[in-house]
Amino acid sequence: SSMKNSAAIILTYLNEKNRPYSAQDVFGNLQKQHSLGKTAVVKAMEQLAQEGKIREKVYGKQKIYFADQSQFADVSDADLKEMDCRITELSSQVQTVSQDCRRLDAELKELNSSLTTAEMTSQIQELRAECEGYKERLNKIKSATNHVTPEEREKVYKERCLFVKEWKKRKRLASDMMGAILEGYPKSKKQFLEEVGIETDEDHKVAIPNI
């Protein structure tokens with residue numbers, strides 16, 4: 001029956017692990033592999049305890065179950081000491097291996113994010129071609145005859161200065177006006193801009209240049 005089957009699985013598990021567990025622990029640990037139901041686990045463990053196949057201890061409301069110790073041979077102090085030494089030795093090995101793993105993981109990440117030789121070669125070719133293009137443009141500029149005179153350049157710069165100053169002035173005026181209106185405006189600045197239909201420099205991703 002499924003009850004017998006559950007009990008057999010649980011008995012084998014508790015004897016194999018030989019450590020205390022609650023029914024919830026056993027259910028959680030065996031559920032995936034054996035797809036046992038919670039009620040079935042609780043009932044099977046209670047039955048095994050009644051039959052004396054496993055031991056049961058009650059701590060407050062919690063019931064703890066563990067393997068019947070009488071079935072295991074006594075272990076001498078010398079054996080325990082040897083086991084402790086082995087545990088320490090194995091723990092140290094685990095630490096070393098974990099450190100190696102972390103180091104190798106970091107190396108692998110670095111290698112994965114690096115370019116391969118083929119990718120590098122291709123990138124070098126692209127950059128060389130780009131460089132040649134710039135050289136060609138530079139030569140054309142150098143050999144051009146239609147250079148701008150210093151006077152013309154001066155005139156353009158002065159105009160630019162004038163326009164930028166005007167831009168700043170108008171932006172400041174608009175900002176002051178909006179500030180005054182927003183003091184008595186019941187909604188947010190964003191809603192005000194939408195309602196009035198004002199488009200800002202930021203909307204068009206432009207900034208006032210430094211003169």
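This report walks through a predicted model, from its annotated regions to its charges and surface patches.

Residues are numbered from 1 along each chain as its sequence is written, and side-chain values use heavy atoms, with hydrogens and water left out. Because the model is predicted, local features need pLDDT of at least 70 and side-chain atom pairs count only at pLDDT 80 or more, while totals for chains, interfaces and linings use all residues.

## Regions named in the record

UniProt, in an unreviewed entry, lists residues 6-67 as "domain: Homologous-pairing protein 2 winged helix". In the model, that span is 60% helix and 19% strand, and its end C-alpha atoms lie 16 Å apart. Helices (H or I, at least four residues) and strands (E, at least two) are DSSP runs, numbered from the N terminus.

Next, the unreviewed UniProt entry places a "coiled-coil region" at residues 87-144. Here the chain is 93% helix and 0% strand, with 82 Å between the end C-alpha atoms.

The annotation "domain: Leucine zipper with capping helix", also from an unreviewed UniProt entry, covers residues 148-204. Over these residues the model has 74% helix and 0% strand, and the end C-alpha atoms are 31 Å apart. UniProt positions are given in the numbering used here, feature names are shortened, and annotations may be inferred rather than shown by experiment.

Let us start with Asn18, which sits in the loop between helix H1 (2-17) and helix H2 (23-34). Its phi is near 45°, a positive value in a residue other than glycine. Asn18 is partly exposed, at 34% relative accessible area. For these labels, buried means under 20% relative accessible area, exposed over 50%, and partly exposed in between (1.4 Å probe, protein chains only).

Ala23 lies in helix H2 and counts as buried, at 14% relative accessibility. Although Ala23 and Thr39 are 16 residues apart along the chain, their C-alpha atoms are separated by 9.4 Å.

## Salt bridges

A salt bridge is a side-chain nitrogen of Lys or Arg within 4 Å of a carboxyl oxygen of Asp or Glu. How many salt bridges does a search of the whole structure find? The search finds eleven, and the table shows some of them.

| Side chains | N to O distance |
|---|---|
| Glu107 and Arg103 | 3.2 Å |
| Lys171 and Asp201 | 3.0 Å |
| Lys187 and Glu195 | 2.8 Å |

In the Lys187 pair, Lys187 is partly exposed, with a relative accessible area of 42%, whereas Glu195 is exposed at 53%. Elsewhere, salt bridges that share partners join Asp100, Arg103 and Glu107 into one network.

Why are Glu107 and Arg103 separated by about one helical turn? The reason is that they are four residues apart in helix H4 (residues 77-113). Both residues are partly exposed, Glu107 at 39% relative accessibility and Arg103 at 45%.

The salt bridge between Lys171 and Asp201 joins their side chains. Lys171 lies in helix H6 and Asp201 in the segment after helix H7 (189-196), so the pair ties together parts that are 30 residues apart in sequence.

## Patches on the surface

Patches are made of residues with over 30% relative accessible area and no salt bridge: like charges are joined within 9 Å, and nonpolar side chains (Val, Leu, Ile, Met, Phe, Trp, Tyr) within 5 Å.

Which residues gather in a patch of positive charge on the surface? They are Lys165, Lys168, Lys169 and Arg172. Lys and Arg count as positive and Asp and Glu as negative, while His and the chain ends are not counted. Lys165 is found in helix H6 (residues 150-183) and is exposed, at 55% relative accessibility.

A nonpolar surface patch is formed by Val75, Leu80, Met83 and Ile87, with about 360 Å² of accessible area together. Accessible areas come from the Shrake-Rupley method with a 1.4 Å probe.

## Toward the end

Lys205 is in the segment after H7. Its phi is near 55°, a positive value in a residue other than glycine. At 76% relative accessibility, Lys205 counts as exposed.

Note on methods. The place of a charge is taken as NZ of Lys, CZ of Arg, CG of Asp or CD of Glu.
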